[in-house]
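Please read the points below with the structure open beside you.

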Amino acid sequence: MPKYSFMLNGQKVQVDAPGDLSVLWALRDKLGVTGPKYGCGINVCKACTSHLDGKAFNPCVTNVRDVAGREVTTIEGLADGDDLHPVQEAWLEQDVAQCGYCQPGQIMAAVALLARTSDPTDEDIDAIKNVCRCGSYFRIREAIKAAALKMAAPVDGAATPVAAATAESQTLPATGAGKTAVVGAAALAAAAAARLLRDEDPQGA
Ligand code: FES
Ligand code: FES
């Protein structure tokens, strides 16, 4: 069986698999990375949305041989250690997730959108095609706008870089105090939600 190596969330990995195995199944079944969800397998639902070389892509329709030597980022690789990405923070603050199944893909699509436009319009957000069967689109919209403000806000007098990645193509659609301000029961709830957003798998999916 051929072997394919690529960078996954900052670490080199190797997959022993047929070249036409989809990246989604390589991630989920061979590497145990289950943040990217399976919904349709035909690039329609966008539940699997992740990043390839900093751009949004759909691993369900990408062969593993086509990512050899490249950089794949999933929802698991978005946070910087314990520091959530601003989009993840906005998602928590806007309490976006309902069942949660689509949310890793939604967040990855939102990050991609904000990488290519720091001040997205409603039209930009509407161009995101990630499906949410729970209908969380309004909260997704609010979270994206909140994240855009966070990412544009000065930090210690300096402007924050909008984003590292240069996403394209993809396609996407928060009250609470900041992460560091939540206490007590709210903190517990936020921590649970953070786990959900990093690698949500509420039903072992
Ligand atoms: S699983 Fe639906 S687009 Fe990938
Ligand atoms: S939150 Fe349930 S599918 Fe989107």
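Which side chains meet in a salt bridge at 2.7 Å, N to O? They are the side chains of Asp122 and Lys145. The points that follow start from this pair.

1. Basis of the note. This is a predicted model, in which local features need pLDDT of at least 70 and side-chain atom pairs count only at pLDDT 80 or more, while totals for chains, interfaces and linings use all residues. Residues are numbered from 1 along each chain as its sequence is written, chains are lettered from A and ligands numbered from 1 in the order in which they are written, and side-chain values use heavy atoms, with hydrogens and water left out.

2. Overall make-up. The protein has six helices and seven strands. Here helices (H or I, at least four residues) and strands (E, at least two) are DSSP runs, numbered from the N terminus. Along the sequence the order is β-β-α-β-β-β-α-α-α-α-β-β-α. There are 205 residues, and 44% of them count as buried. Buried means under 20% relative accessible area, exposed means over 50%, and partly exposed is in between (1.4 Å probe, protein chains only).

3. The pair from the opening question. A salt bridge is a side-chain nitrogen of Lys or Arg within 4 Å of a carboxyl oxygen of Asp or Glu. Asp122 and Lys145 meet in such a bridge at 2.7 Å. Because Asp122 lies in helix 4 (residues 122-126) and Lys145 in helix 5, the pair ties together parts that are 23 residues apart in sequence. Asp122 is partly exposed, at 37% relative accessible area, and Lys145 is partly exposed at 31%. Both belong to a network of salt bridges that links Asp122, Asp126, Arg141 and Lys145.

4. Other salt bridges. Side chains of opposite charge can pair when their charged atoms come close. The search of the whole structure finds seven salt bridges. One of them joins Asp16 and Lys3, at 3.7 Å from N to O. Asp16 is in strand 2 (residues 11-16) and Lys3 in strand 1 (residues 3-8), so this pair ties together parts 13 residues apart in sequence. Asp16 counts as partly exposed, at 35% relative accessibility.

5. A bridge between helix 2 and helix 5. Glu89 and Lys150 meet in a salt bridge at 3.5 Å, N to O. Glu89 lies in helix 2 (residues 86-93) and Lys150 in helix 5 (residues 137-152), so parts 61 residues apart in sequence are tied together. Is Glu89 buried or exposed? Glu89 counts as buried, at 18% relative accessibility, whereas Lys150 is partly exposed at 26%.

6. Just after helix 2, Asp95 has a positive phi of about 50 degrees.

7. Helix 2 against helix 5. Two packed helices are described by the angle between their axes and the distance between the axes. Axes are lines fitted to C-alpha atoms, for helices over the stretch in contact, and angles run from 0 to 180 degrees between N-to-C directions. For helix 2 and helix 5 the angle is about 135 degrees and the axes are 8 Å apart. That makes helix 2 oblique to helix 5; angles under 35 degrees count as roughly parallel, over 145 as roughly antiparallel, 65 to 115 as roughly perpendicular and the rest as oblique. Contact means heavy atoms within 4.5 Å. Residues making this contact include Glu89 of helix 2 and Lys150 of helix 5.

8. Helix 2 against helix 3. Helix 2 and helix 3 (residues 103-116) pack at about 125 degrees, with axes 10 Å apart. Helix 2 is therefore oblique to helix 3. On the helix 2 side, the contact is made by Val87, Gln88 and Trp91.

9. Helix 1. In helix 1 (residues 23-30), the buried residues are Val23, Leu24, Ala26, Leu27 and Arg28. These buried residues pack against strand 1, strand 2 and strand 4 (55-57). Just after helix 1, Gly32 takes a positive phi of about 70 degrees.
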